[in-house]
Amino acid sequence: MTVSDFAVNFQSLSHFAPELVATEERKCRRFEKGLHSFVKLLVVSQCIGKFSEIVECARSVEISIGTQGM
């Protein structure tokens, strides 16, 4: 699954567990946990606290290391 696919699914499913994504920070940390390990390693180090920015960062990392669809 690509980062874009994951982000769409994450957004959709987050409505069923709002307590897990109650703040922007918690939403970002929860999103990080679901990323592919190679992408996560680079994204976590950025300490991003805004969901749209963390998704964009993960997409960029995915493209640069060529893990789309892994």
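Predicted model: local features only at pLDDT ≥ 70, side-chain atom pairs only at ≥ 80, totals over all residues.

The protein has 4 helices and 0 strands. Read along the sequence, that gives the pattern α-α-α-α.

Now the overall dimensions. Taken along the principal axes, the C-alpha atoms fill a box of roughly 35 × 20 × 15 Å. For 70 residues, a compact globule would have a radius of gyration near 11 Å, and the protein has 11 Å, so the two agree. The accessible surface comes to about 4,400 Å², and 59% of that belongs to carbon and sulfur atoms. Of the 70 residues, 33% count as buried. As for contacts between residues at least 6 apart in sequence, 46% of them join residues at least 24 apart.

Next, the inside. In soluble globular proteins, nonpolar side chains tend to be buried together. Here the largest nonpolar core has 17 residues. The residues with the most contacts inside this core are Phe31, Leu35, Val43, Phe51, Ile54 and Ala58. Which helices supply at least two residues each to this core? They are H1, residues 3–14; H2, residues 24–33; H3, residues 37–44; and H4, residues 51–65. The largest share comes from H4, with 6 residues.

Leaving aside its neighbours within four places in sequence, phenylalanine 51 is in contact with Phe10, Gln11, Glu24, Lys27, Cys28 and Phe31. Phe31, like Phe51, is on the list of core residues with the most contacts.

H3 gives the largest share of the patch, 3 residues. Isoleucine 65, on the other hand, lies in helix H4. Is isoleucine 65 buried, partly exposed or exposed? With a relative accessible area of 37%, isoleucine 65 is partly exposed.

Now the charged pairs. Side chains of opposite charge can pair when their charged atoms come close. How many salt bridges does the count come to? The count comes to 3 salt bridges.

Glutamate 25 and arginine 29 meet in a salt bridge through their side chains, at 2.2 Å from N to O. These two residues are separated by about one helical turn, because they are 4 residues apart in helix H2. Arginine 29 also forms a salt bridge with glutamate 32, where the closest N and O atoms are 2.8 Å apart. Arginine 29 and glutamate 32 are 3 residues apart in helix H2, so about one helical turn separates this pair.

What about exposure? Glutamate 25 has 40% relative accessibility, so it counts as partly exposed. Arginine 29, at 24%, counts as partly exposed. Glutamate 32 has 7% relative accessibility and therefore counts as buried.

The remaining pair to show is in helix H4. The side chains of arginine 59 and glutamate 56 meet in a salt bridge, at 3.2 Å from N to O. Both residues lie in helix H4, 3 residues apart, which is about one turn of the helix. Arginine 59 counts as partly exposed at 27% relative accessibility, and glutamate 56 is partly exposed with a relative accessible area of 42%.

Last, a point about the backbone. Most residues other than glycine have a negative phi. Where does cysteine 47 lie? Cysteine 47 lies in the loop between H3 and H4. Cysteine 47 has a positive phi of about 55°, although it is not a glycine. The relative accessible area of cysteine 47 is 64%, and so this residue is exposed, the cut-off being over 50%.

Definitions and conventions. Residues numbered from 1 in each chain as written. Heavy atoms only, no water. Core = buried A, V, L, I, M, F, W, Y, C linked by side-chain atoms within 4.5 Å. Buried < 20%, exposed > 50% of the residue type's maximum accessible area, 1.4 Å probe, protein only. Contact = heavy atoms within 4.5 Å. Salt bridge = Lys/Arg side-chain N within 4 Å of Asp/Glu carboxyl O. Rg over C-alpha atoms; globule rule 2.2 N^0.38 Å. Areas by Shrake-Rupley, 256 points an atom, 1.4 Å probe, with all protein chains shown as cover.
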